[in-house]
Amino acid sequence: MSEAMPRVVIVGSGFGGLAAGKALRESEVEVIVIDRQNHHLFQPLLYQVATSVLNPGQIASPIREILGKQRNTTVLLAEATGVDTDRRRVFVDSVDRASIPLDYDYLILATGASHSYFGHDEFAPFAPGLKSLADAVSIRNRILQAFEQAEAEEDPKRHRDLLTFVLVGGGPTGVEMAGALAVLVRSTLESEFRRIDPASARIVLVDAGKRVLGTFPEALGAAAMRRLEKLGVEVRLGHSVDHIDADGVGVAGEHIASKTVVWTAGVSPSPAGRWLGAEMDHAGRVRVQPDLTVRGHPEIFVIGDTASLDQHDKPLPGVAQVAMQQGRYAAKVIHRRIRGQAALPPFRYFDKGSMAVVGKGFAVLHTGRIRLSGFVAWMAWAAVHLEFLAQSSLRVSVFLQWVWTYLTGQRGSRLIVNYHEPKSSAKLGIPDVASKGRDARIG
Ligand SMILES: Cc1cc2nc3c(=O)[nH]c(=O)nc-3n(C[C@H](O)[C@H](O)[C@H](O)COP(=O)(O)OP(=O)(O)OC[C@H]3O[C@@H](n4cnc5c(N)ncnc54)[C@H](O)[C@@H]3O)c2cc1C
């Protein structure tokens, strides 16, 4: 460990961890950023990879490149597996070694969340979730393969099952995915098949709640619902899924035959709480103090999707803005402590609003008193998402792709890609997408 400078270890370089790392660039600390993937991922646009609008390289950047110019920062591709809070060590598995101890003076855990099947893990093989690039590519493969299989299928009775896509979860991801899929089948693929009519594909969105976009104001949920219906999406509300298997989905006693089901219904936090033996909420997120530290450990911060903190008696939502603001706050607390400056006031989340896009040229937007739906909201959505991409090269590339897709209907990456990585490489962020059918890292 450095004699001269305290060491800050950041586990996870998603929205929270990366914001913390960047905010420490001028501090007199040695920063070590650990992630099990070599890239920072812009999860809000994952659905566009899954529906072929963008390619994976347009929504992710190498962490090493993003932080490359930051002289006080080292990036390690490794997976954290535990923390010894007494000896101030985090244990990591690297490419060829297990349980390597790494000392820290300050620890920031920003390990995010993964899918939750609400106790029905048996759904997982048939209904992959959308959380990583590998998930998105795997889902893209499944969607495109369904059309190829249907085109090769002589029996027209089987076409309907093959071309039925079920999305479980009517939150922003499910709604965005359903809208993008509807545009894909009704416009992009329209004229390219001979035996099947892609536009006849059935897209079903299922949610146990009474409306879609339950966290948005009711009027915006209703606007999104109308838009989905206009795009030909069947929305089934008020019933949870009873079963999912290789033949389809059971909802309220009805069997929906489908070969492609996507799970967007729930998330569960990383196991950081178990590593620390810390107090957790009912979902398993670490209950943090108002300064984002763990009770009894002022040197350990937990931020983002894996942390639980209430504001105005309500838990903060699992969104990118919370993670980024918390990352910057944790960095500031460390910076001030090292300099012997006065403590900061408790963390306060500044809610800039929320948005969801529904098909081409339509979004809903809620910020403060402003509630918008339609094209203007979609323009705002596009501008905000471009702004938050990690690098300017991605901004240019995504902007051009969106303009191209908007004008021509053509998509950026309609490729079925079968990776054939050796199984051992799946350990550190290079999963064998095709053979496993979903990201081996998740869960
Ligand atoms: C499909 C989808 C769409 C979304 N859309 C939106 C949206 O439109 N707007 C919005 O605000 N939010 C959205 N979110 C939520 C948002 O992405 C999360 O709230 C945000 O990413 C949380 O940031 P985080 O830093 O806590 O975790 P993440 O950004 O998930 O980062 C966690 C990082 O930790 C790494 N990691 C995990 N475990 C380990 C380990 N053991 N060792 C090493 N590294 C590890 C992961 O590889 C990852 O890089 C979306 C999420 C998804 C999945």
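Trainee: How far is an oxygen atom of the ligand from an N or O atom in the side chain of Asp305?

Mentor: This is a predicted model, with residues numbered from 1 along each chain as its sequence is written. Local features need pLDDT of at least 70 and side-chain atom pairs pLDDT 80 or more, while totals for chains, interfaces and linings use all residues; side-chain values use heavy atoms, with hydrogens and water left out. A polar contact is a pair of N or O atoms within 3.5 Å; within protein, one must be able to donate a hydrogen and the other to accept it, and residues adjacent in sequence count only if both atoms are side-chain atoms. For the ligand oxygen and the side chain of Asp305, the distance is 2.8 Å.

Trainee: What percentage of the area that the ligand exposes alone does the protein bury?

Mentor: Accessible areas come from the Shrake-Rupley method with a 1.4 Å probe; for residues, only the protein chains shown count as cover. Taken alone, the ligand exposes 990 Å². Of that, the protein buries 88%.

Trainee: Which element supplies the largest share of the nonpolar surface patch?

Mentor: Patches are made of residues with over 30% relative accessible area and no salt bridge; like charges are joined within 9 Å, nonpolar side chains (Val, Leu, Ile, Met, Phe, Trp, Tyr) within 5 Å. This one consists of Phe375, Met379, Val396, Phe399, Leu400, Val403, Tyr406 and Leu407, with about 770 Å² of accessible area together. At least two residues each come from α10 (375-388) and α11 (392-408). Six residues, the largest share, come from α11.

Trainee: Is Tyr406 buried, partly exposed or exposed?

Mentor: Buried means under 20% relative accessible area, exposed over 50%, and partly exposed in between (1.4 Å probe, protein chains only). Tyr406 lies in helix α11. With a relative accessible area of 33%, Tyr406 is partly exposed.

Trainee: How many residues apart in sequence are the parts that Glu299 and Arg88 tie together?

Mentor: A salt bridge is a side-chain nitrogen of Lys or Arg within 4 Å of a carboxyl oxygen of Asp or Glu. The structure holds 14 of them, and Glu299 meets Arg88 in one (3.7 Å, N to O). Glu299 lies in strand β21 (residues 297-302) and Arg88 in the loop between β6 and β7 (89-93), so the parts they tie together are apart in sequence by 211 residues.

Trainee: Which residue of that pair is buried?

Mentor: Arg88 counts as partly exposed, at 35% relative accessibility. A relative accessible area of 6% makes the buried residue Glu299.

Trainee: Which strands hold Asp310 and Arg287?

Mentor: Their side chains meet in a salt bridge (3.4 Å, N to O). The pair ties together parts 23 residues apart in sequence, because Asp310 and Arg287 lie in strands β23 (residues 310-311) and β19 (residues 286-287).

Trainee: Which residues are linked with Glu234 in a network of salt bridges?

Mentor: Glu234 and Arg236 meet in a salt bridge (3.5 Å, N to O). Glu234 is partly exposed at 27% relative accessibility, and Arg236 is partly exposed at 23%. The network links Glu234 with Arg202, Arg236 and Glu254.

Trainee: Which residue has its backbone oxygen 2.9 Å from a polar side-chain atom of Asn141?

Mentor: Asn141 lies in helix α4 (residues 133-152). Asn141 is buried, with a relative accessible area of 4%. The backbone oxygen at 2.9 Å belongs to Val417.

Notes: Helices (H or I, at least four residues) and strands (E, at least two) are DSSP runs, numbered from the N terminus.
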